[in-house]
Amino acid sequence: MRRIGILTGGGDCPGLNAVIRGVVQKCSMHEIEVFGFKKGWMGALTGEGETLSYEEVEDIHTLGGTILGSSRTNIMKVENGPEKVKETMKRLDLEGIVAVGGDDTLGVANKLQKMGMNMIGVPKTIDNDLSSTDYTFGFDTASNIVAEAIDRLHTTAKSHSRCIVVEVMGRHTGWIAINAGMASGAHEILIPEFPKTIDEVVGVIEDRRRRGKDYSIVCVAEGFELEGMDINSMEKDAFGNKRLEKKEIGHTLAKLIEEKTGMETRAVVLGHLQRGGSPSAFDRVLGTKMGVKAAELVVENRYGNMVALQGTNIVPVDLEKAVTVQKKVDEEFYRFASYFFR
Ligand code: F6P
């Protein structure tokens, strides 16, 4: 009987369980057993996990998080990491691994593929910053959570004539900020791709005041940098990513806005709320389709690919290409959004 492994790595994200269910169901139709590794690449090092039956996973697609657990283990930083994964695969009789993750997890999968291990990637991140795919699952749910939060912040900001700065996730790119900010009518959206000075931000708030609007909502991505901010010395995770929540861009901005405008200002950091809970219908469907497609690639022995959404189709793309380029918010999206920065 053929056997494969599956793991979920990096930050968890709504829709992961739908992928697991999709892979297990499609593989079971071809008599391929699926072994679920615990805690991402950590499980592939130790072999911790269990074989998954469809009965066990049939209703998990509605659940947030991942039934397999996750970690930010970087195989490449573990002594003999790749060799250990190879040994685990041999011991468990696995012909390949379906790795579900963002740029870090898939970057490792790509390196292992180049070392001769069979890998298939499934792109996951609420940040939506993986290239080759139009959307990553988790992004829609996170956008909905943020949009709802900003809708609520509008009413309290208006009642108190305050400025509220909402800090959202997005360490390299501003997809959540621009998408949810546009959906909920934020008056200013600040993202890493399009830098602005504090005076430009203050200008928008003061212009609103002149028009009789004495409250403002500023939506900022955690990766946005104000000129002169030194973040190079910040604490980093195993993949070298800066711990951006420690930068506190939301609080920094709120303080500066209050100082410069005299307007009472508060900061709200949405943090991990954005990743928690049940996936939206869109993410359940996207996760399911990607899981099924990943299993189809296993059936056809087409390792070395990542599944991707292009238009309305789920297609295989070269894993190497998919992990080397980051998908940034495009100029047109930002321009359209900016017509409402007022
Ligand atoms: O990778 C997704 C993400 O949610 C980023 O937006 C955020 O910066 C990071 O994970 C937070 O990581 P952690 O869960 O390790 O605090």
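How do the residues of the shell around the ligand divide into nonpolar, polar and charged? There are two nonpolar, two polar and five charged residues in that shell. Here Ala, Val, Leu, Ile, Met, Phe, Trp, Tyr, Cys and Pro count as nonpolar, Asp, Glu, Lys and Arg as charged, and the others, Gly among them, as polar.

## Basis of the model

This is a predicted model, in which local features need pLDDT of at least 70 and side-chain atom pairs count only at pLDDT 80 or more, while totals for chains, interfaces and linings use all residues. Residues are numbered from 1 along each chain as its sequence is written, and side-chain values use heavy atoms, with hydrogens and water left out.

## Ligand site

The residues around the ligand are Arg72, Ile126, Asp127, Met169, Gly170, Arg171, Glu222, His272 and Arg275; a residue is listed if one of its heavy atoms lies within 4 Å of the ligand.

Polar contacts are pairs of N or O atoms within 3.5 Å; within protein, one must be able to donate a hydrogen and the other to accept it, and residues adjacent in sequence count only if both atoms are side-chain atoms. A side-chain N or O atom of Arg275 is 2.9 Å from an oxygen atom of the ligand, and a polar side-chain atom of His272 is 3.0 Å from a ligand oxygen atom. Gly170 contributes a polar backbone atom, 3.5 Å from an oxygen atom of the ligand. The ligand taken alone exposes 400 Å², of which the protein buries 83% (Shrake-Rupley accessible areas, 1.4 Å probe; for residues, only the protein chains shown count as cover).

## Seven-stranded sheet

Seven strands form an open sheet with mixed pairing, in the order β3-β2-β1-β4-β5-β10-β11. Helices (H or I, at least four residues) and strands (E, at least two) are DSSP runs numbered from the N terminus, and two strands pair if DSSP finds at least two bridges between them. At the edges are β3 (49–52) and β11 (313–318), each pairing on one side only. From one strand to the next the twist averages 25 degrees; axes are lines fitted to C-alpha atoms, for helices over the stretch in contact, and angles run from 0 to 180 degrees between N-to-C directions.

Five bridges join β1 (residues 2–8) and β4 (residues 96–101) in the parallel sense, and Leu7 stands opposite Ala99 in β4.

Strand β7 runs parallel to β8 (residues 216–221), joined by three bridges.
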